[in-house]
Amino acid sequence: MSLKMPRLFQFAIAATIAFFPAFVHADIPLIGLNPPNASLLDGDFDLVKSTRYKIVPSPFWTVMNVEGKGKNPICIDRGAMSGGGNAESVIQSRVLNHVAAYPKPIAGDVLRWRFAARSEHVCGASVSLSLVFGDEVRVLTDKQLVPGGEADYAEFSGEYSFTVADAKMEMPLLRFRLHSNHGVRVHVDFIDVSIVDDNSTGPADLRANSKGDAIELAWTNSDDGSPATYTIYRSRSPRSGFQKVQGGLQTPTWTDRKFVVGANYYYGVTQTIDEKESSVSRVVTARCVDDVAPLAPVNIKAEALDAEVKLSWSSKDSDVASYTILRGNADGSDLQEIVRQWKGKQYTDFSPAKGTANSYVLRATDFSGNQSVDSSPVLATVKTIPGASFRDLIKPMPITTRLSSELWGADSVLPRDPENGIEHPDWSYWGGHPAKGRDGKYHLLVCRWPEDAVKGHWHWYYSTVVHAIADSPTGPYVPTGDMAFSWNDGQGHNPGLTALNDGTFMLHLRGGHVLTGASLNGPWKYEGVYSVDYNGFDKDPKHRTNPYVANIVGVQREDDSLLFLSKIGATMISNNGIMGPYVVASRPVIFTDVLPKLYQNVAYEDPALWRDEYQYHMIINGYLARRAIYLRSPDGIHWKFDPGTAYDPGVTRYEDGTRTSWYYLERPHVLQDEFGRATHFSLAVMDVIKAKDFGNDTHSSKNVMLPLTVHRRLKMLNAQPVNKDTKRIEVLVLSEEGFDAQTDMDLSTLKFGASEEVNFGRGAVLLGSKPHSQGLVLEFDGAGNGITEDNFVGKLIGKQSNGELL
């Protein structure tokens, strides 16, 4: 019985059958496909785990010098050989003398070859393949154009007959030449090479057909009907993992009834004559599908953590390919998908609502694409309250004119307001840093590149910085020209702004380049590349590039020193002006025990940094996890983690309730007011993974501007420093434009004290209040305030009189 047969009698089963284009009659394999055995000579390029940044050579392939150009970067990484760029890359195999059954070329013998290749982007890339006998080269295919961009790998194949001259030499090796331009890389997915050998030919004409709940295989004896027995090999992967599932068959047919409905299976057959087993036949793939939905997940448990919910579940159905998880309100309404195609049976939700129960339901999807009904709901309420996490401060975006679906982008980011932040159909925008100018306008230094650039998103390396201005903090931001500065033809990436104490500005770019300007309007003067004193710290800790000169952010302190954060969150300080040297003062915070275990081992980078009247703030993005964290510090060196996330794909929503879900949210920056408080949050966003953004397509990137709940200004009135033993605490809440401290707070909701207390709804209880000329004085019972030497600021959490977060 198939694994789903108990319910199959209700519905018909359909089988999809296809011939997998593997080698027909593998004969004597030399490289690549060799079922049921492993791939020969790393022909599937899956033995090593290199990247283009860290090359680990394959034991069977060698990168060759190109005359006059040296070695061009090539990597073999988990299933693909990659090379090219702006030149030719050459890689060759070891000599093919490793098979005892074929030690030397024989005149007239036929060598079959086949490979699959593509390029990252459409650029006229090509692949050449040759046999090399010592100093003599036999070209098998020359500059074969390969597809690029959204196209999948294309396969190329052919045959070569050994000549009399070839037979006088030793076995050849195989040489690839990868040709491309525009910095585009070429990928080779696999290479198969074999020698045609009638004596080892496997069964012919293998085919698969559906019959009820089974897959029937049939084939032909390729040896003129000589008595033979047959062996069936099966795998869930097209090129590896074949296992023997049946042997000793007397007839050229076999029926498979033990499989997961909806899953792809790959079959190959050998024949044994006179105790000699042949090579494997061509491989066929078959898939039976049904229209029976799987059972819903069961035994769902929701464990409430500080700011997260840990879910676990089980399934009574073996035919489950993935799960979808939805989160809703306490009454089960407004269910929103938070993850789909989840393979495991545990999931941690890092962005549940606080102060109320979250409901969760799960759906199972089987291998045929059928989805179950919703599971029974479960509820969980996290321990922290609204205001504990930076994410809680992000407010819905106002709609400038209207939401539109007539824009580029995946369905998940439509409809949206194109006038929020900055976007344009002809440009990809990224990494904007906003600031309010002395002219009352809102300024954005942001990089961009043409949307139709050959390399799509990866054209960022050639991006140009522009200066854009808006009348409103949320936009629309309109460029004032083609480039913000004339240096380097305006090129630069991820611009960062630092306001200097003398009223001027420092503009820093990826690579450590520094420019200065008298105002946000420029003009910008190039100063050079700042220097770094690593001070005994690792120059490149766990990172492929130097993180001390890439995507840094900084502030100038009252003593005119400059405090910067590196790309991965290490503090560095210059007491010698904007050009440094910047002395590294701490390890990257992401490599310390400051982060709870649940938030460790995430690839964090590209922090935001700002300082207000009381403390330093950092947000650092976990780009693979697609969420960020928030930390605070009294000095910019010693950091404290606040629970929960800073942002994730669920934070972009509009005032009318419309939600968007961007695939990437990166390069965070804040817009600050005159007191240093963050009022708006800037993010570079993208609708698909970066590798799927091609030139002149429907995908791109932009900058969004999200309004924030602004911190209220407080003054401690106690004559002595407050600690956990303080009996009474007096806090003055200052009134300001748009906020009357005497009327705009719901006093019954207020708690004050250490963040470790008030984030969880605890802390000092309000005893009373009294008007003050500057606002309202709050008097708290000091019991339970929890403030120690580690708490360099106190925290007030509550609600405004209109119910919004205070």
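Because the model is predicted, local features are taken only at pLDDT of at least 70 and side-chain atom pairs only at pLDDT 80 or more, whereas totals for chains, interfaces and linings use all residues. Residues are numbered from 1 along each chain as its sequence is written, and side-chain values use heavy atoms, with hydrogens and water left out.

The mean pLDDT of the protein (the predictor's confidence in each residue, from 0 to 100) is 92, and 94% of the residues reach 70 or more. Residues 1-26 stay under 50 in pLDDT, although the model has 89 contacts for them beyond four places in sequence, a contact meaning heavy atoms within 4.5 Å. Where pLDDT is low, the predicted coordinates should not be read in detail.

Taken along the principal axes, the C-alpha atoms of the protein fill a box of roughly 105 × 70 × 50 Å. The secondary structure comes to two helices and 53 strands, where helices (H or I, at least four residues) and strands (E, at least two) are DSSP runs numbered from the N terminus. Of the 806 residues, 55% count as buried; buried means under 20% relative accessible area, exposed means over 50%, and partly exposed lies in between, with a 1.4 Å probe and protein chains only. The protein exposes about 34500 Å², of which carbon and sulfur atoms supply 48%, the areas coming from the Shrake-Rupley method with a 1.4 Å probe. Among contacts between residues at least 6 apart in sequence, 63% join residues at least 24 apart.

The largest nonpolar core has 40 residues, and those with the most contacts inside it are W61, F115, L174, F176 and I191. Such a core is a set of buried Ala, Val, Leu, Ile, Met, Phe, Trp, Tyr and Cys residues joined through side-chain atoms within 4.5 Å. The elements that give two or more residues to this core are β2 (28-31), β7 (110-119), β8 (126-133), β10 (154-161), β11 (173-179) and β12 (184-195), and β12 gives the most, with six residues. Eleven of the twelve residues of β12 are buried, so this strand is largely enclosed by the rest of the structure. Leaving aside residues up to four places away in sequence, I191 touches I31, G32, G43, F45, W61, R114, F115, L129, L174, F176 and R239. Apart from this core lies another, of 27 residues, among them W408, W610, A678 and L683.

The strand β12 also has pairing partners, two strands being paired if DSSP finds at least two bridges between them. β7 and β12 pair in the antiparallel sense over nine bridges, with A116 standing opposite F190 in β12. β2 and β12 likewise pair in the antiparallel sense, over three bridges, and here I31 stands opposite V193 in β12.

Elsewhere, three strands form an open sheet in the order β13-β14-β17, with antiparallel pairing. The edge strands of this sheet are β13 (204-211) and β17 (253-256), each of which pairs on one side only. Neighbouring strands of the sheet are turned by 20° against each other on average, direction ignored; the axes are lines fitted to C-alpha atoms, for helices over the stretch in contact, and angles run from 0 to 180 degrees between N-to-C directions. β13 and β14 (residues 214-220) pair over six bridges, and the bridge partner of K211 in β14 is A214.

L41 is found in the loop between β2 and β3 (61-64) and is buried, with a relative accessible area of 7%. N299, by contrast, lies in strand β21 (residues 298-304) and counts as exposed at 57% relative accessibility.

One joins L414 and P415, with omega about -5°, and P415 has its place in the loop between β27 (378-380) and β28 (427-436). Another joins G580 and P581, with omega about 15°, and P581 is found in the loop between β39 (571-574) and β40 (582-584).
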